[in-house]
Amino acid sequence: MSKHDELLVSIAALVESGQSNQMSLTVVTGGAVITGRLAPETAWRQRVSEVLTDSTHLGEFSVIFDTAAEKDGPPTHLHFHVARILQGTVGIPETGGMYRVAIEDINAWTVGDFSYSDH
């Protein structure tokens, strides 16, 4: 998007200010559909840091995510947790992952998350 969607920025700002992780959202970006719950950036960074710390090969990168982001202006990214990239009839990964998406790269979005059912 050449101009940020003010409604989407407002949703992101509310998630950040309330430190809530209950807002479900589905976005289309770069041809991919990502669905899941939004998290405040600080909570998202903490969780990514924990995952990296537990990794034998990637532990040294955890410190990057421990550093708080400098805040000036409205949010520029959405931080998804328990999120999946929808591909055909499956969500990748099945258990959900951590994704950071630039708001300016979102082509479409809707409130709520999607899941597939064979029934």
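In the hairpin formed by E3 and E4, 2 residues lie between the strands, and Gly 88 adopts a positive phi near 60 degrees. Helices (H or I, at least four residues) and strands (E, at least two) are DSSP runs numbered from the N terminus. The model is a predicted one, in which local features need pLDDT of at least 70 and side-chain atom pairs count only at pLDDT 80 or more, while totals for chains, interfaces and linings use all residues. Residues are numbered from 1 along each chain as its sequence is written, and side-chain values use heavy atoms, with hydrogens and water left out.

E3 and E4 are paired in the antiparallel sense over 8 bridges, where two strands count as paired if DSSP finds at least two bridges between them. Within this pair, Phe 80 has Tyr 99 in E4 as its bridge partner. E3 (residues 77-87) also pairs with E2 (residues 32-38), again in the antiparallel sense, over 5 bridges. Here Val 33 stands opposite Leu 86 in E3. Strands of a sheet pair through backbone hydrogen bonds, either parallel or antiparallel.

These pairings belong to an open sheet of 5 strands in the order E4-E3-E2-E1-E5, with antiparallel pairing. Strand E4 (90-102) and strand E5 (106-111) are at the edges, each with a single partner strand, so one side of each has no neighbour in the sheet. From one strand to the next, the twist averages 35 degrees. Helix H1 (residues 6-18) packs on this sheet and touches strand E1 (24-29), E2, E3 and E5; contact is taken as heavy atoms within 4.5 Å. The direction of H1 makes about 60 degrees with that of E5. Axes are lines fitted to C-alpha atoms, for helices over the stretch in contact, and angles run from 0 to 180 degrees between N-to-C directions. Helix H2 (residues 41-53) lies across E3 and E4 and runs at about 125 degrees to E4.

Leu 8, which lies in helix H1, is buried, with a relative accessible area of 0%. Buried means under 20% relative accessible area and exposed over 50%, with partly exposed in between (1.4 Å probe, protein chains only). Leaving aside residues up to four places away in sequence, Leu 8 touches Leu 25, Leu 78, Ile 103, Ile 106 and Trp 109. Leu 8 and Ser 24 are 16 residues apart in sequence and 12 Å apart in space, C-alpha to C-alpha. Ile 11, also placed in helix H1, is buried at a relative accessible area of 14%.

In strand E3, His 81 is buried, with a relative accessible area of 12%. The contacts of His 81, not counting residues up to four places away in sequence, are with Asn 21, Gly 36, Arg 37, Leu 38, Ala 39, Gly 97 and Met 98. Val 63 is found in helix H3 (residues 62-66). Val 63 is exposed, with a relative accessible area of 54%. The C-alpha atoms of Val 63 and Val 9, 54 residues apart along the chain, are separated by 28 Å.

Grid points are joined across faces, edges and corners, and a volume is the space filled by probe spheres set on the points. The structure holds 1 cavity of 30 Å³ or more, and the largest cavity contains about 30 Å³ of space. The lining of the largest cavity consists of Ala 12, Val 15, Glu 16, Leu 38, Ala 39, His 77, Leu 78 and His 79, with H1 and E3 each supplying at least two residues. These lining residues divide into 5 nonpolar, 2 polar and 1 charged. Ala, Val, Leu, Ile, Met, Phe, Trp, Tyr, Cys and Pro count as nonpolar, Asp, Glu, Lys and Arg as charged, and the others, Gly among them, as polar.

The largest pocket contains about 240 Å³ of space. Of the 13 residues lining the largest pocket, Glu 41, Glu 70, Lys 71, Pro 75 and Thr 76 are the closest to its centre. The lining of the largest pocket comprises 3 nonpolar, 4 polar and 6 charged residues.

Conventions: 1 Å grid on protein atoms, 1.4 Å probe; cavity = no way out; pocket = protein on both sides within 12 Å on 5 of 7 lines; lining within 4 Å.
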